[in-house]
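Please open the structure in your viewer and keep the selection tool at hand.

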Amino acid sequence: MTASASRDAASPWDLTALLNAADPKASLAERHLWVIRLLEWLRHAPLERDSAPRRLRLRARRAPGDATPTPVLRLKHMLGVLERHPEHRAGTAELLALFMHEVDSAALLADFGFAPRMGLWGEFGRRLRARVLPLTPATSDLADLFGLLFPRAGDADWLLAVDNETLARIAAIVAPADAGFDWRAPFFDAIMFLASAVRAAGFSPALRQRMSPELLVDAPFRQLARVAEQVRELAETDAPDARVRLLVDAQYLRALLDTCRRCAVSVHEHLETHGVSVDVVFDVDQLLERTHRIDALLTCVLSPEPGREIVRLLAELIRSADERRSIRALFSQHYSLLARKVAERSAATGEHYITRDRAEYRAMLRAAIGGGAVLGVTTLLKFMIGGAALAAFWNGLAAGLNYAAAFVLIQVLHFTVATKQPAMTAPAMAEKLGDVSTDIAVASFVDEVANLIRSQSAGIIGNVLAVVPVVLLLQWLLGLGSGGAWPLDRTHAEHTLHSLSLLGPTPLYAAFTGVLLFTSSMIAGWVENWFVWHRLDSAIAWNPKIVARLGAARAQRWAAYSRASVSGFTSNVSLGLMLGLVPVIAAFFGLALDVRHVTLAAGQLAASVGVLGADVLHRSDFWWCVAGVAATGVLNLAVSFFLAFRVALRSRGIRLADRSRIHRAIRARLWREPASFVVAPAHARIAPVEP
């Protein structure tokens, strides 16, 4: 039977037939397909059924407690077969040697895992095509062939389990010492390619202008490609002292890579001050990953046991391949970059909403009372707008402008709205989780949790305590001025009472409003980042035309005020418009969505009481409305804080491995000092210093 016929008749799980089908004279696609089938046999061939002769059957089974993966056992069995049968060994070795010569390994080592810079949807289309469209083995690019050779992330685990003795047996077959094949050549090629890419990234204006000048003094990027070329030349020369010089230059190359990494990391310090760019963060991450790849390649070519290092690198590439195939990982990475872009701008703002001592608590309570008074006026204006019988869109727009104007006025007067605090405080809280590896760090975070809960409580209490009497007082004054005509009649008052009840859809609407509160903070963070990234504050301060019109001193004040207020104005305007327009837009699409803001809901309930009289206090539906307002406050705060906290964690790449420790610490604080979550201390706690 010919080799071709053997290939056609071979069972995919028949090792003897598979080895007989190793034909070095076959076409490129057939040879590559044979290698793919060989790896598939290692993964999935049944151990107990093998059509090979009895003496060749695989008898090794995993003994109790044996941690050796099944593919490794199959690999050892196959090597034993090849070592006992020269005819199989010759054909397999020749085919594998031809495979190693004809594929472009440098493309895999240098380019694989590094995505080209493209938009989210462009990369999504590429990954979707890779998942849907079949791949062909008729290619000499090992990077394209890699997905067929190792289609599963689990391949990395069994490869790492291969012992050194087995690796030496593989090398003796694939690349014997007398074959004259320099396996290091593609590794040095890849080092050259990667060094050039790192150098180009370091010279790009987007990164170069944001790196620390002190770290660029020795021009590490300029030296990188030259030193990489020297390393390659020394590896290829036969001079007596070449090995020593090679190790010295390789060490210098590693020092340059370390300096390049520190230069790249310094870009983040610039971004925190001058705005975050998704493109720049992406380029920095790619530069760092390429420097680590060069380190791994150097380790492979210089190690006294290169087989083990090559296997580690191969396992890393397999995991990278799995990530490149994942659409979920793509959106997760993109979301992380966007989160970093907007959340960093909110952390500093959020610090102003956290009270730590009694004086700050009283200041927060006063500011919340002022905000509640303004929203009391806003509540009555909302009823007047509703009575104007405008079309749905114009009614929603007028209500949105009413809310936006009120929120902006609260900001200008330095008052506060409780529900706007969580989305700003969450990034500040996440920043405290940068290191919770010690008990002192956990205790410091619990302190911030207590401070935050007190601050939120002060905000809600102050808003509600002010909005209710202000609404009732304004109703009484309007009634006096209009001869007893209220801005709200009994029918609308009963409808308002019914709509605010906890027994209705109020919890759903309150949670949805929490989403809007979070969205407004994200919009504010994005706009502030855009403002800082484009240096508009500097333009206002120093632009010749603006300075000529305003004067130098006034231009400086306007620049400082714009920089400090852009986030607040954006958040207030966007939230006000969303509160007014989103229900109208949702109704257009047939969605029964409404908003429930705790302070505005309390004002509406007070207005209904002002119309219906004190007798309403004896009705059960009134107290269900009180419960609904309380639930609205909790859901407004909880949903907006949860979403903002998740974004802040993602932006910092924090994994809550110590979550249980934090929960235990909070419960312990509640047991020992429950009052600390309600009553502000006379002086702020001073966090202990790490020894």
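Begin by selecting Cys300, which is buried because its relative accessibility is 1%; buried means under 20% relative accessible area, exposed over 50%, and partly exposed in between (1.4 Å probe, protein chains only). The model is predicted: local features need pLDDT of at least 70, side-chain atom pairs count only at pLDDT 80 or more, and totals for chains, interfaces and linings use all residues. Residues are numbered from 1 along each chain as its sequence is written, and side-chain values use heavy atoms, with hydrogens and water left out.

Next, select Cys260, which is buried at a relative accessible area of 0%. How many disulfides does a search of the whole structure find? The search finds zero, a disulfide being a pair of cysteine sulfur atoms within 2.5 Å. For Cys260, the nearest cysteine sulfur belongs to Cys263 and is 6.1 Å away.

Now turn to the aromatic rings. Seven aromatic pairs are found in the whole structure; rings of Phe, Tyr and Trp (its six-membered ring) pair if their centres lie within 6.5 Å, and planes under 30 degrees apart count as stacked, over 60 as edge-to-face and the rest as tilted. Select Trp183 and Phe187: their ring centres are 5.5 Å apart and their planes stand at 85°, so this pair is edge-to-face. Trp183 is partly exposed, at 27% relative accessibility, whereas Phe187 is buried, at 7%. Then select Phe112, Phe146 and Phe150, which ring pairs link into a cluster.

Finally, select Phe415, in the loop between α19 (392-412) and α20 (421-432); helices (H or I, at least four residues) and strands (E, at least two) are DSSP runs, numbered from the N terminus. Phe415 is partly exposed, with a relative accessible area of 32%.
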